[in-house]
Each structure stands twice: as C-alpha cells, then as structure tokens.
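Please look over the sequence and the fold before reading the notes.

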Amino acid sequence: MQDFDFAIIGAGIAGVSAAYHLAPQLASGGRVVILEREHVPAYHTTGRSAALHSETYGNASIRAITVASGRFYRQPPAGFTDHPLLTPRGAIVAGRAEQEAAIKAAAADYAQLVPSVRWLDPAEVLHLQPLLKPEAASGGAVFEPEADDMDVAAIHAGFLKGARAAGGVLRLNAEVTALDRKDGRWTIRLRDGESVSAANIVNASGAWADVLGALAGCAPIGLVPKRRTAFTFDSPQGLDLTHLPMVIDFDESFYFKPEVGQFLGSLADETPSPPCDAQPEEIDVATAVDRIETASTLTIRRIKNKWAGLRSFVADKSLVAGYDPKVEGFFWLAGQGGYGIQTAAAAGRLATNLALGKGLPVDIASLGVAEAALSPARFTAPFTAK
Ligand SMILES: Cc1cc2nc3c(=O)[nH]c(=O)nc-3n(C[C@H](O)[C@H](O)[C@H](O)COP(=O)(O)OP(=O)(O)OC[C@H]3O[C@@H](n4cnc5c(N)ncnc54)[C@H](O)[C@@H]3O)c2cc1C
C-alpha cells in the first residue's frame, strides 16, 4: 500500500490547485496523491464552465478570493504556462428601467473592491454591446471592464504540471469507495480493490463532497449540486467579436458571450440535482434561446454544441475550506458553486495554508476573507446544554 501525506480526492480545478500549492510545501519525503475516478481529469464541472473571471460575481468572500486569484492568473509564475491565462472580455449586467436603482446600487457596491466597475447609462450600454435591444438595457448596466475570459484548460494543466514537478502523483480510474481512519492514518479503498494510505484527506470531489464526507463519518455540509446548461451557436456573419462584452441580465435569467468565433449562451439555470454526469435538458436550451432572442438581435438557427454541469453550493454560497470539526485529518475543499475556476488559484493557496495549520495567507485575509466564514464548523449546530 502506497503512503502519502495528503490524498486529494478529485482532479477538477479544486483538487489540482490544492495539489499545486500543497506539494512544494511538504517536508522532503512528504507526498501528495490526487485520486480521480474518471479516466481523464476535469471531466465533470471543471470541463463545462463558461470560463469567465468576474470580480463582481458571487458574495463578498467569493469576490475577494476571485481578486486574489486574478493576481496569480495575470502574472503566473515562470513556467506555469506559455500563453496568457486571461484575455480581456468585459461584462455588462443589464436590466430594465424599473431596475435602474438596484443596478446603480450594485455597481457602487462592486466598485468598492474593483474601482473600474461603474454604472453605464442605456446609450453607453448599446454603444458597447450593439446586439442588445434598447428595452433590455433601459435601466443601464453594471459594467466590469476587467472581466476576462479564462483559458481553463491551460490553468488546469499549469496546476497539474506544477504539482507533478513537486512530487505530486495523479491516479486516474481511482474511485474512492471507502475511508477508514486508524492510528492517525486513513486507509483509502479504491473501486479496483487497491488501497492507498494517507495522513490527511482533502475532499475536492465537487458535487460528491457530501458523499465522500459520509464515507469518512462526517456530518453533511448541506451541499446542493445545481445543474446549469450551456450551448454554443454561430455568430452573425462578418461580426467582429473581439471587443464585444459578455451580456448577463440583471435577474441572471440568461447570458451570452463571444467564445472563439461563436457565441456561448446559457439559461443561467440552477436546478437541484443529485451528483451525477449532468446532461442538458432540451427545455432549458429552448428557454435560453427564447430569452436571448427576445433581449438581443441575435437569431439562433442551430445549436452547435450543448452541455450541462453541476455548480455545487452550500447555504451561504461561500467556499468551504477547513478541517472537519469532528473527524480528524479530513479537510473539506468544497462549495465552489459557479466560481470554482475564477477562485481556484487563491482557494488552493488558502486551503494549503489552512491544511498545514498556518492560518489564512495575509494578502487574502486583508481582502476581507475570514477563516471562520470558510470553515466547515459553520454547519455544525452549536452545542446547547440540557
Ligand atoms: C455551465 C457552467 C458555467 C460555469 N461558469 C463558470 C465561470 O464562468 N467561472 C467560474 O469560475 N466557474 C464557472 N463554473 C463553475 C466551475 O466550473 C466549478 O465551480 C468548478 O469547476 C468546480 O470544480 P471542482 O474541482 O470542485 O469540481 P469538479 O470539476 O466536478 O471535480 C470534482 C472531481 O471529483 C471526482 N470525484 C468525485 N467523487 C469521487 C470519488 N469517489 N473518487 C475519486 N474521484 C471522485 C469527480 O470525478 C470530479 O472529476 C461554471 C459551471 C457550469 C456548469
């Protein structure tokens, strides 16, 4: 049986970013293994995102972790990648006249963390994004000029390459089926009958995080996987997509964005689902097509590609990063929701610090992120004396 210091379960973006930061931190001889059930990494949610890095998306804690991640993605360490991880896109969150006050308030709120964010009046919105119909932008928009497209494959590959260079090991076709703790070590049983031993587990299993927690005897964190559908379609002939921003409606009931010579669209659906290999529903694609055609001058004649993925949230929609309060050596890295790629660089780093008992990195804490607000202990009912 192979022995490791840390066994990370899941080779999505959460698992590989944790491995990237953790592997070089271990004393010589200490090692990290990533155990992934599928025959390729990033098969589930990580391979199915819309690939936007938005510092105005999510709650205050998520936005702060996204800002910290952006610093890494904009200037990754030498050798991480040979081309940019982020490319400028810009995003507008547009709404109707009756939403104007709320849109202005949101812009002012986001600008506290990201000063370049501002409210655009309806004419400015249509100038920047001429595909929108005037009624869809009559309340103006929150404009985030520094929202970027992410190269998710390059980010994932960079983390994995770095983790391996520091001695980390990736095992594919390695589904974890049982977890037993004895004498300060985990015995991790795999579907093929093999076992691996590790002092600590990092649960980065995405939609399956509560399933893995239950195998270890942990109380659930109440994770709810929610299906989101996306698809691509042709852009109008001759349209230059280079400088067209992404469009999200203020109610988040659809979005569309230029995507390598075509458009990516979504209903922005959040349908609760058991953890599974999520598949798109025709009705969700059709509803999204209708909403995009109603709000814009785009005509969607043919869906080129469609897919769905699970965005998994806990009740407060923040990340869960920390050791289980009751089960020794079991570290949660879950609840990435709709922000798992944009937060990954900083999430992996803060998880590493917490897993090694070093507290939150100072730069991340100074953005307003609190260890207690990430801890799985926040889901444990407080003890009440009888
Ligand atoms: C349509 C859509 C759009 C999105 N857009 C964005 C976006 O623009 N920006 C952004 O930042 N995020 C976006 N997201 C969210 C983002 O994709 C997720 O937050 C992120 O990918 C979650 O990564 P993860 O590593 O936690 O999960 P996953 O990628 O699902 O990885 C978990 C892994 O654990 C493995 N696993 C599970 N159980 C076991 C087991 N028992 N044994 C071994 N392995 C196991 C799984 O096989 C899986 O590979 C989007 C998601 C969707 C669906």
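Predicted model: local features only at pLDDT ≥ 70, side-chain atom pairs only at ≥ 80, totals over all residues.

Residues are numbered from 1 along each chain as its sequence is written, and side-chain values use heavy atoms, with hydrogens and water left out.

**Helix packing**

- Helices (H or I, at least four residues) and strands (E, at least two) are DSSP runs numbered from the N terminus.
- Two packed helices are described by the angle between their axes and the distance between the axes.
- Helix α2 (residues 60-74) packs against helix α8 (residues 344-355) at about 105 degrees, and their axes are 6 Å apart. That angle makes α2 roughly perpendicular to α8 (65 to 115 degrees; under 35 is roughly parallel, over 145 roughly antiparallel, and the rest oblique).
- I65, A68, S69, F72 and Y73 of α2 make the contact with A344, A345, A346, A347 and L350 of α8 (contact means heavy atoms within 4.5 Å).
- By class, the residues of this contact are nine nonpolar, one polar and no charged (nonpolar: Ala, Val, Leu, Ile, Met, Phe, Trp, Tyr, Cys and Pro; charged: Asp, Glu, Lys and Arg; polar: the others, Gly among them).
- The axes are lines fitted to C-alpha atoms, for helices over the stretch in contact, and angles run from 0 to 180 degrees between N-to-C directions.

**Aromatic rings**

- The structure has 15 aromatic pairs. Rings of Phe, Tyr and Trp (its six-membered ring) pair if their centres lie within 6.5 Å; planes under 30 degrees apart are stacked, over 60 edge-to-face and the rest tilted.
- F231 and F233 form a tilted pair, because their planes are at 35 degrees, with ring centres 5.9 Å apart. Both F231 and F233 are buried (buried is under 20% relative accessible area, exposed over 50%, partly exposed in between, with a 1.4 Å probe and protein chains only).
- F330 and W332 are an edge-to-face pair, 5.4 Å centre to centre with 75 degrees between the planes. F330 is buried at 0% relative accessible area, and W332 is buried at 0%.
- One aromatic cluster is formed by Y20, F72, Y73, F80 and F159. F72 and Y73 also belong to the α2 side of the helix contact.

**Cysteines**

- There are zero disulfides, a disulfide being a pair of cysteine sulfur atoms within 2.5 Å.
- C218 is buried, with 9% relative accessible area, whereas C276 is partly exposed at 29%.

**Two arginines**

- R48 sits in the loop between β2 (32-35) and β3 (52-53) and is buried at 14% relative accessibility. Not counting residues up to four places away in sequence, R48 touches Y43, D277, A278, W307, A308 and G309.
- R302 lies in the loop between α7 (282-295) and β18. Apart from neighbours within four places in sequence, R302 contacts T232, F233 and D234.
- From R302 to A372 the C-alpha to C-alpha distance is 48 Å, with 70 residues of separation in sequence.

**Positive phi angles**

- D183 is not a glycine, yet has a positive phi of about 50 degrees. D183 is in the loop between β10 (176-182) and β11 (185-190) and is exposed at 74% relative accessible area.
- K317, also a residue other than glycine, has a positive phi near 60 degrees. K317 is in the loop between β18 (303-313) and β19 (320-323) and is partly exposed at 28% relative accessibility.
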